[in-house]
Amino acid sequence: MASSRSNRVEVPEAKAAMDRFKTEVASELGVNLKEGYNGDLTSKEAGSIGGEMVRRMIKKQEEQMK
């Protein structure tokens, strides 16, 4: 049986924090992220936001493991 993937946030309280994090990263990268629909972003812009978020989360986790 194949597993189903989704973008559902497992902890509802985390959604607001992730949205703030995404907005902060987009602002720092100079990407114009709007509230709500952002389908007009290029793949490069969207990917840069997601990639930077992952880099920061990994860095924070590595620091906590020291």
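**Ground rules.** I am working from a predicted model, where local features need pLDDT of at least 70, side-chain atom pairs count only at pLDDT 80 or more, and totals for chains, interfaces and linings use all residues. Residues are numbered from 1 along each chain as its sequence is written, and side-chain values use heavy atoms, with hydrogens and water left out.

**Helix α1.** I took helices as DSSP runs (H or I, at least four residues), numbered from the N terminus. I checked the length of α1, residues 12–29, first. Just after α1, I found G30 with a positive phi of about 80°.

**Faces of α1.** I sorted residues by relative accessible area: buried is under 20%, exposed is over 50%, and partly exposed is in between (1.4 Å probe, protein chains only). Which residues of α1 are buried? They are F21, V25 and A26. These cover an arc of only 130° around the axis, which means that they sit on the same side of α1. I note that the arc is taken from the directions from the helix axis to the C-beta atoms. E13, R20 and S27 are exposed on the other side of α1. The cover over the buried residues includes α2 (43–65).

I looked up A26 next, in helix α1. Its relative accessible area is 0%. I counted a contact as heavy atoms within 4.5 Å. Beyond four places in sequence, A26 touches V31, L33 and I49. A26 and I49 are 23 residues apart along the chain, yet their C-alpha atoms are separated by 5.7 Å. With the same exclusion of neighbours within four places, I49 contacts K22, V25, A26, L29, V31, L33 and L41.

**Core.** A nonpolar core here is a set of buried Ala, Val, Leu, Ile, Met, Phe, Trp, Tyr and Cys residues joined through side-chain atoms within 4.5 Å. The largest one has seven residues: F21, V25, A26, V31, L41, I49 and M53. α1 and α2 each supply at least two of its residues. α1 gives the largest share, three residues.

**N38.** I ended in the loop between α1 and α2, where N38 lies. Is N38 buried or exposed? N38 is buried, at 18% relative accessibility. Its side chain reaches the backbone nitrogen of K34 at 2.8 Å. Outside four places in sequence, N38 contacts N32 and L33.

Conventions:
A polar contact is a pair of N or O atoms within 3.5 Å; within protein, one must be able to donate a hydrogen and the other to accept it, and residues adjacent in sequence count only if both atoms are side-chain atoms.
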